[in-house]
Amino acid sequence: MEAILIDGKKVSKEIKAELREKVIALKEKGIIPGLAAVLIGDDPASATYVRSKARACEKTGIYSDITKRPGDISQEEVEQIVRDLNVRDDIDGILVQSPLPKHMDEPAVTCIIDPQKDVDGFHPFNVGMMLIGQPTFLSCTPYGIVELMRRNKIDPSGKEVVIMGRSNIVGKPMAAILMQKRQGANATVTVCHSRTSNLNEVCRRADILIAAMGQPEFVKAEMIKEGAVVIDVGINRVEDSSTEKGYRLVGDVDFEGCRQKASFITPVPGGVGPMTIAMLLTNTVKSAELRAQRS
Ligand code: NDP
């Protein structure tokens, strides 16, 4: 049987429509949610991400502010940009686009963001709150996966979840969220990485397999259990001379192979990707709602 496709594009559109309503309600109270992006250097992928976040803001009625600086800017100058954004009343969310140039201390910059405006959910305070199961800004990609599952009626409770990848932005927060004693979580979580010795065996145990490695089409059908839910976070460019751009995007999962065996599967593109931006907007609107409560 072929897997049911989890349509991230559709779900993200639903979320954005819900957010537009919330933004209208906020505007009636005199509050316009604002998201500031800090873009350092000339990495084309980062510039594309920031542009698409700004476009998504405009469509949702969120004010978008972009600060661009050259790659040779100093650590102190970037930290000052963040401090200035921290005290601006019209800014509810701050994101510093990663990666910063190599000479910079990225975690130090993250630590300067006001945790109340940390809509990426990367500040150690918010990471800690997430870990102890307190309300906070969840990091956007894992949060998007939770929403994708919830809205497709996939309940991780009591399930074996295997996460492939242990990065600070995907694997670790995903594990922390799904292990919580809470509705929409309560999973038994295993995290794999490049030193995991019996990877195929561990993956075959998974009722829900989340692949976040950055390895094109790594997960083959023989690595998944019959009927598993397969969530593909990977976004990889592979050469393809038949396309205009000379490349195409693939995930970490061999989609065609795995869709014959899985019960649910996310495509790439159009699966987890669109959800990440939708959750960034969700966190920004939530931050603005908290501002409205404070004022
Ligand atoms: P990182 O490179 O930071 O982490 C990759 C992780 O995968 C590491 O923990 C690494 O192990 C592990 N890994 C790599 N190769 C293997 C292997 N052969 N076997 C087992 N584990 C392996 O990546 P990110 O988490 O930042 O991103 C992962 C993928 O997700 C990328 O393709 C990225 O583009 C995509 N992504 C997509 C997003 C979206 O919105 N859809 C958002 C963020 C990322 P080790 O720790 O041992 O090195």
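1. Arg151 is partly exposed, at a relative accessible area of 24%; by the convention used here, buried means under 20% relative accessible area, exposed over 50%, and partly exposed in between, with a 1.4 Å probe and protein chains only. The side chain of Arg151 forms a salt bridge with that of Glu18, at 2.9 Å from N to O; a salt bridge is a side-chain nitrogen of Lys or Arg within 4 Å of a carboxyl oxygen of Asp or Glu. The pair links distant parts of the chain, with Arg151 in helix H6 and Glu18 in helix H1 (residues 8-28), 133 residues apart. Helices (H or I, at least four residues) and strands (E, at least two) are DSSP runs, numbered from the N terminus. Glu18 is likewise partly exposed, with a relative accessible area of 38%.

2. On the basis of these remarks: this is a predicted model, in which local features need pLDDT of at least 70 and side-chain atom pairs count only at pLDDT 80 or more, while totals for chains, interfaces and linings use all residues. Residues are numbered from 1 along each chain as its sequence is written, and side-chain values use heavy atoms, with hydrogens and water left out.

3. The Arg151 and Glu18 residues also belong to a network of salt bridges, in which they are linked with Lys10, Glu14, Glu147 and Arg150. The count of salt bridges comes to 14.

4. A further salt bridge joins Arg83 and Glu79, whose closest N and O atoms are 3.8 Å apart. Both residues lie in helix H3 (residues 75-86), and because they are four residues apart, about one helical turn separates them. Glu79 is buried, with a relative accessible area of 15%, whereas Arg83 is partly exposed at 39%.

5. Glu160 and Arg205 also meet through their side chains in a salt bridge (3.8 Å, N to O). Glu160 lies in strand E5 and Arg205 in the loop between helix H8 (199-204) and strand E7 (208-211), so this pair ties together parts that are 45 residues apart in sequence. Glu160 counts as partly exposed at 27% relative accessibility, and Arg205 is partly exposed at 40%.

6. Which residues are closest to the ligand? They are Arg166, Ser167, Ser194, Ile235 and Thr276, within a set of 21 residues that surround the ligand; a residue is near a molecule if one of its heavy atoms lies within 4 Å of it. The shell divides into nine nonpolar residues, 11 polar and one charged. In this division Ala, Val, Leu, Ile, Met, Phe, Trp, Tyr, Cys and Pro count as nonpolar, Asp, Glu, Lys and Arg as charged, and the others, Gly among them, as polar. Helix H10 (residues 272-294) gives the most to the shell, with three residues.

7. A polar side-chain atom of Ser194 lies 2.4 Å from an oxygen atom of the ligand, and an N or O atom in the side chain of Ser167 is 2.5 Å from a ligand oxygen atom. A polar backbone atom of His193 is 3.5 Å from a nitrogen atom of the ligand. Taken alone, the ligand exposes 930 Å², of which the protein buries 71%. Accessible areas come from the Shrake-Rupley method with a 1.4 Å probe; for residues, only the protein chains shown count as cover.

8. Leu249 is in strand E10 (residues 247-250) and is partly exposed, with a relative accessible area of 35%.

9. Most residues other than glycine have a negative phi, and most peptide bonds are trans. Cis peptide bonds, with omega about 0°, join Ser98 to Pro99 and Val268 to Pro269. Pro99 lies in the loop between strand E4 (93-96) and helix H4 (106-112), and Pro269 in the loop between strand E11 (264-265) and H10.

10. Lys153 has a positive phi, near 55°; this residue is found in the loop between helix H6 (140-151) and strand E5 (160-164) and counts as exposed at 77% relative accessibility. Asn186 has a positive phi of about 60° and lies in the loop between helix H7 (171-178) and strand E6 (188-192). Asn186 is partly exposed, with a relative accessible area of 34%.

Key:
A polar contact is a pair of N or O atoms within 3.5 Å; within protein, one must be able to donate a hydrogen and the other to accept it, and residues adjacent in sequence count only if both atoms are side-chain atoms.
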